[in-house]
Amino acid sequence: ATGGHGEHTHRFIDSFMSLTLISAPALLIAFVLAGLLGAIITPARASWLGRGSAPVQASKGVIFGLPLPICSCGVLPLYETLVRRGVPTTAALGFLVATPELGLDALLLSLPLLGTEMTIARLVAAFGVAMVVALVVGRMVTRTEGLITDDKPAEKLAFTARIRQGLHFGLVELFDKTIPWIIAGLLIAAWVEPLL
């Protein structure tokens, strides 16, 4: 019995280390992109995502994430940046759910694996799920406005100062805020993987 427990522990550690090493580059890129996105997309520039009805906002969030080759583990930092910039909940949730599923990289990977018809069905289903989640969950989420607390508005800072501020947010503040949840997800995945 002890050997079996030790073997399970060894597989758990191997799985955790493997998943960590696989996800680390994507997470690093996501934290850097989140910082740069925060520097480039000021609240004024993000305001277009908030125009229109809830379905229009959700659609804009989905479309905004289409060209980004971001995996599911890397989309959370970008979502946090959009929320921090004052993007409405429905648009941010549409972005969060759709980006890993509808990105150009996912499309290019799906075509040879699934064929044209199944890829189209997959994209339509992913778009529908993203819209439903954005609209339903968006109504349940309490929105906190005005998350940027700097003395100077982000638009008035020099571009290099905004980049430094954005990278500090992405690589320090956002990392500290999200990494416990990412580690929890990796631990759960490492625990489940040997069982499967």
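Author: Let's begin with confidence: pLDDT is the predictor's confidence in each residue, on a scale from 0 to 100. This is a predicted model, where local features need pLDDT of at least 70 and side-chain atom pairs count only at pLDDT 80 or more, while totals for chains, interfaces and linings use all residues. Residues are numbered from 1 along each chain as its sequence is written, and side-chain values use heavy atoms, leaving out hydrogens and water.

The average pLDDT of the protein chain is 80, and 83% of the residues reach at least 70. A stretch to treat with care is residues 146-152, where the pLDDT is below 50.

Next, the overall layout. The protein chain has 7 helices and 0 strands; both are DSSP runs numbered from the N terminus, with at least four residues of H or I for a helix and at least two of E for a strand. Of its 196 residues, 36% count as buried, meaning under 20% relative accessible area, with exposed being over 50% and partly exposed in between (1.4 Å probe, protein chains only).

Now to the interior itself. A nonpolar core is a set of buried Ala, Val, Leu, Ile, Met, Phe, Trp, Tyr and Cys residues joined through side-chain atoms within 4.5 Å. The largest one here has 34 residues, and V62, L78, V87 and I182 touch the most other members. At least two core residues come from each of helix 1 (2-40), helix 3 (54-65), helix 4 (75-84), helix 5 (89-102), helix 6 (104-140) and helix 7 (159-195). In soluble globular proteins, nonpolar side chains tend to be buried together.

Let's zoom in on V62. Leaving aside residues up to four places away in sequence, V62 has contacts (heavy atoms within 4.5 Å) with G94, F95, A98, L102, F127, A130 and M131.

F95 also takes part in the packing of two helices: the contact joins helix 4, through V75, L76, L78, Y79, L82 and V83, to helix 5, through A92, L93, F95, L96, T99 and P100. The axes of helix 4 and helix 5 are 9 Å apart, at an angle of about 160°. Axes are lines fitted to C-alpha atoms, for helices over the stretch in contact, and angles run from 0 to 180 degrees between N-to-C directions.

Finally, T90 is found in helix 5. T90 is buried, because its relative accessible area is 10%. Among the residues T90 touches, beyond those up to four places away in sequence, are A54, Q57 and A134.
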